[in-house]
Amino acid sequence: MPSPIFSEDMLRRHTTAESFARGEQYYTRKTVRDPVRRGATLEAQVEGSQFTPYRVTITLDEAGIRSASCTCPYHFGGYCKHVVAVLLTYIRQPETFAEQPELSEPLESLPAEQLRKLIRTLLDQKPELNDWFHVMISSLAPVSQPETQPVQRSPVDVTAFRRQIKHAIGQIDYGRHWETIWAVVGDLEAAHNQAKAFLHGGDSANALALMRVLGEEVIPNYENLEEECQLAEFLEIWSDDLTEAILGANLSPDEQKELSRQLTRWAGPLSDFGLDETLDKPITACERGWDAPSDDLDDEFAIDLIDAKLNVLERQGDTEAYLQSCLENGAHYRYARRLAELGQIEQATGHALQHAMEANEFLKLAQFLREQGHIEAAYQVGLRGLSGEGRKYEVGQWTGEFAESLGRLDIAQQAWHAAFDSSPSLEAYQQLKRLSGDDWPNLHPQLMERLRQDAYRTVLIDILIDDQAIEEAIQVWDSYPYWGYDLLGRLVDAAGADHPDWAIQHALNEAQGLIAKASTYYPHAVRWLGKVKQIYLQHDRSGDWQQCITSIRAQHGRKYSLMAQLKQLD
């Protein structure tokens, strides 16, 4: 693989300033352990705040970083500090990465008996995987039918699967409902993935059998299990996959009726909790079957059923029928994607470039092409996505970063402009400011005109803060009663130096409002008062601060919890 094109500047643009700074500290402290490069993949462990190091995996291609993941819980935008530390190590000290073959290579060379011994050792050490292996082995059973026919294997052992579901549900602890529901849903998702393995393998009958077990065990217990919406979100995914299993299972009329009655019984209790439509698609699939036209259905509902049928056709392996159905139903993304999967890259790219698709479909196809190593095709499809239908921010963002990694700066600017036009943001503004160079004085007024529309006032304030135009940002804020808690915090921090009285007054108002709500808001109120103190001291007004905090203590002296927390400000 050619050396990837990325630098520390590019890395900075894919993470927050704080994450980059913390990642650099981790790099300096040499917390990156056992760095390995396996082909296009970087792997390492990074010592963090937990006893067990975090595992980082990064995939490269000739355009730079294709993907990066870490086992830490960071979900706040951009790469986490552990990923940053590993990438800085690779950029600055690539020789520290041990070159090793990809794991698939030694596994492929192992004799069958050694592979079996390896699996037995794994099961001895991880006995909880026994039921998983039992179910998954059934999904790998030999197939006797031609590929173009629905797959029929021996019936799966639903007893082992039902034990898994009962075990998952049994983890709920009503004394710690919020904490334990996540473990329940996680195990249900893992079990559902076993059913999906059958579905994706073309064995709809066994997939349906397992999915019905899930419904039989979960839905009657829904009232007792659900905490907020965690289980509801899982059931939405389960329902979509259940629809595909029904369409692909080749059920007899009697089987369709029996299943329809069961689904209808389940729909009643779910509707009591606002899940009125969760089972609509599988019930419709049962009642109408494969061949019934969908002209009389709601457009979005009909599209979902068409997608389900296309999924079934794709898994049955009849490529010609699948591609023909894609064309008949205007599924141009799926048509192009399938051609690309078949290695017909030129035809796939040509079809995508010549047909209208959603912007996000161009993006998905471009990302797939890049994953397969077709850099130029991915670039062309991403570029075409800038004129796709619907929201273009994501495709503009992706194409802008991709084009820049290829050195095509004019296209990068064009892509970020499309992203900004679709959904103005501070990120797109900053990228355009950086890329436009000498043309910035001409471009800036155009962007500001768009930002002055009412819908984008919050973005405008963030941008004015970033441009250090604090007085104008204050004017925009004052033109409307309230724009948001976090935004006010950023503006108060920025205004403290040159507009201290405004910042102090707004921070005090926020603190007093939180104190008046309830004791659970006291920590937030104290943080706002901390901002007040900081601004007073910044301007050598310690006397004013003492007067302010004394007044608050006098006003709320009987709120003993608040008084204790205010000691942080002494």
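Which side chain meets lysine 281 in a salt bridge? The partner is aspartate 240, at 2.8 Å from N to O. This is a predicted model. It holds 32 salt bridges.

**Lysine 281 and aspartate 240**
- Lysine 281 is buried, at 17% relative accessible area.
- Aspartate 240 is partly exposed, at 34%.

**Lysine 433 and aspartate 467**
- Lysine 433 and aspartate 467 form a salt bridge, with 3.0 Å between the closest N and O atoms.
- This pair links distant parts of the chain, 34 residues apart.
- Lysine 433 belongs to helix 22 (residues 426–436).
- Aspartate 467 lies in the loop between helix 24 (457–466) and helix 25 (470–478).
- Lysine 433 is partly exposed, with a relative accessible area of 37%.
- Aspartate 467 also counts as partly exposed, at 25% relative accessibility.

**Aspartate 61 and arginine 66**
- A salt bridge joins aspartate 61 to arginine 66, and their closest N and O atoms are 3.7 Å apart.
- Aspartate 61 has a relative accessible area of 3%, so it counts as buried.
- Arginine 66 is partly exposed, with a relative accessible area of 31%.

**A network**
- Salt bridges also link Arg162, Lys166, Glu216 and Glu217 in a network.

Definitions and conventions:
Residues numbered from 1 in each chain as written. Predicted model: local features only at pLDDT ≥ 70, side-chain atom pairs only at ≥ 80, totals over all residues. Heavy atoms only, no water. Salt bridge = Lys/Arg side-chain N within 4 Å of Asp/Glu carboxyl O. Buried < 20%, exposed > 50% of the residue type's maximum accessible area, 1.4 Å probe, protein only. Helix = DSSP H or I, 4+ residues; strand = E, 2+ residues; numbered from the N terminus.
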